[in-house]
Amino acid sequence: MKNDHIIGVCTDLTSEGKGVIKLFNETIFVDALLLGEKAEVEIDYRSHGVAYAHIVNLIEKSPSRIEPLCPISTSCGGCSFQNTTYEYELAFKKKKVEDALHRIGHINHEVNDVIGMDNPYNYRNKIQVPFQRNGKDIIYGFYKAKTHKIIPIKECSIEDKRAASILSTIKDLMMSMHIEPYNEDNRSGVIRHVLIRTSYHYDEIMVVLVTNCDSFPSRNNFVKALSEKHSEITTVVQNINTRDTNVILGEKEKVLYGKGFIKDSILGINFNISSRSFFQVNPVQVERLYSKTFELAHLTKDDNLLDAYSGVGTIGMIASMWVKSVTCVELEKSAHRNAIRNAKENGITNISLINADCSEYLVNTDEKFDVVIMDAPRKGSTKEFLDALTTNSPSRIIYISCNPATLARDLTFLMDDYSIETIQPLDMFPRSFHVETIVSLARK
Ligand code: SAH
């Protein structure tokens with residue numbers, strides 16, 4: 001029954017970090033319950049043989065429990081580990097990788113400790129927040145999980161520290177200049193979202209105003225006041241999204257101030273980032289991710305490298321210095337176009353940038369690759385790609401994955417021809433339940 005109260009001990013965690021209580025006849029997933037903790041919980045609902053519950057009384061508390069830095073951590077849905085020490089979170093992430101590899105791939109190879117951050121806060125270089133009217137006030141913040149109700153917040157503990165005061169100024173200017181936030185119900189108003197991208201290595205910040213209309217009163221004064229108050233803002237872009245959709249960005253854009261993009265770098269290579277560019281959101285960990293990848297790839301000047309699922313070509317471009325040639329394959333047109341511009345701006349000439357589906361490309365190509373770095377999306381790769389990969393027969397494969405379950409499934413296709421050398425998880429998104437894994441494989 002709903003509203004049942006049960007007392008139990010948390011003996012396991014789900015892949016999303018929820019506590020698991022196992023009773024003789026039922027499994028209960030409990031929000032925010034830590035391993036080893038004993039609690040009285042209340043059942044919220046049951047689905048597919050599992051009960052979902054929340055804590056009503058914490059009877060025995062884990063030493064790993066801490067006070068969340070963020071006041072809305074339980075309702076926003078972005079973070080799962082605000083209430084634990086970072087060590088607890090990293091241990092969970094290692095076990096999550098081990099469990100998926102054992103359970104799905106029957107792989108028992110040793111998994112290294114997760115490469116974490118020194119400070120697991122304030123890392124995100126991209127933040128997007130919706131604005132709404134709330135009576136006399138304008139609010140901005142995050143949507144309550146699975147709703148369109150905004151929970152107002154002044155500061156998010158994982159975002160770059162420079163974003164908070166810019167958002168607060170934007171709200172003040174909207175109030176004083178009578179610029180209305182968007183109203184979803186009658187589709188009136190101007191500002192839907194504000195997106196802020198900060199450069200880690202350069203003093204550059206981009207503000208994107210996502211609006212429900214082409215132009216709006218006081219636009220020039222608004223941008224002037226904003227950029228005068230925050231000299232750290234180097235560009236302001238208006239993105240126009242008039243559609244009735246949850247997709248944040250529209251197609252049309254106007255540069256209102258500055259160049260329309262910011263520059264950042266990864267391991268010494270510069271990249272221009274526009275509002276829509278895909279760019280890794282953790283600038284500290286991306287350098288560690290790539291460094292580890294290159295260390296495990298043992299690249300040499302004789303190598304023909306394939307960078308599959310290449311995004312804006314960051315991996316291929318950095319690796320181009322150490323190899324004979326590199327081919328980047330990416331499906332998204334906009335990321336591919338970005339890659340072309342980035343390669344040109346960095347003067348990289350030993351690179352081929354291909355806009356295609358990776359599986360189709362690898363099945364049909366005549367190129368032979370010595371090393372393949374593949375950074376598959378969450379749903380993983382395909383059987384076609386993995387079969388073509390074994391046929392192509394590179395001496396080394398580095399598989400970077402953000403989803404241990406699809407990683408485990410995909411590795412099983414390679415196990416006849418390749419042996420695993422290293423499994424290295426890395427924490428790209430501290431305080432969330434996500435974990436990145438790098439697996440290096442050598443041809444048998
Ligand atoms: N390696 C990049 C991007 C990784 S994200 C980086 O480190 O930044 C995964 C990328 O795979 C995305 O850019 C996505 O557009 C691309 N992608 C997804 N499915 C694909 C497919 N079937 N073929 C080629 N690229 C694909």
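The backbone nitrogen of Ser 64 sits 2.9 Å from a polar atom in the side chain of Ser 62. That counts as a polar contact, meaning a pair of N or O atoms within 3.5 Å; within protein, one must be able to donate a hydrogen and the other to accept it, and residues adjacent in sequence count only if both atoms are side-chain atoms. This is a predicted model, where local features need pLDDT of at least 70 and side-chain atom pairs count only at pLDDT 80 or more, while totals for chains, interfaces and linings use all residues. Numbering runs from 1 along each chain as its sequence is written, and side-chain values use heavy atoms, with hydrogens and water left out.

Back to Ser 62, which belongs to the loop between β5 and α1 (73-76). Helices (H or I, at least four residues) and strands (E, at least two) are DSSP runs, numbered from the N terminus. With a relative accessible area of 7%, Ser 62 is buried; the cut-offs are under 20% for buried, over 50% for exposed and partly exposed in between, using a 1.4 Å probe and protein chains only. Not counting residues up to four places away in sequence, Ser 62 touches Leu 34, Leu 35 and Glu 37, where contact means heavy atoms within 4.5 Å. As for Ser 165, 103 residues apart from Ser 62 along the chain, the two C-alpha atoms are separated by 35 Å.

Now step back into strand β5 (residues 50-60), where you'll find His 54. His 54 is partly exposed, at 26% relative accessible area. Its side chain makes a 2.7 Å polar contact with the side chain of Asp 44. Leaving aside neighbours within four places in sequence, His 54 also has Val 30, Glu 40, Val 41 and Glu 42 among its contacts.

Arg 187 isn't a glycine, yet has a positive phi of about 55 degrees. You'll find Arg 187 in the loop between α3 (163-176) and β9 (191-198), partly exposed at 37% relative accessible area. Leu 267, also not a glycine, has a positive phi near 45 degrees. Leu 267 is in the loop between β13 (262-266) and β14 (269-273), and is partly exposed at 28%.

What about the interior? A nonpolar core here is a set of buried Ala, Val, Leu, Ile, Met, Phe, Trp, Tyr and Cys residues joined through side-chain atoms within 4.5 Å. The largest one has 39 residues, and Tyr 290, Phe 294, Leu 299 and Leu 305 touch the most other members. Helix α5 (residues 283-297) gives the most to this core, with six residues. Beyond four places in sequence, Leu 299 touches Phe 294, Leu 305, Ala 319, Trp 322, Val 323 and Val 371. A second, separate core of 38 residues includes Tyr 123, Ile 127, Ile 138 and Ile 205.

Finally, the ligand. Of the 16 residues around it, Gln 280, Tyr 290, Glu 330, Asp 357 and Asp 375 come nearest; a residue is near if one of its heavy atoms lies within 4 Å. A ligand oxygen is 2.5 Å from an N or O atom in the side chain of Tyr 290, and a ligand oxygen is 2.6 Å from an N or O atom in the side chain of Glu 330. A ligand nitrogen is 3.1 Å from a polar backbone atom of Leu 331.
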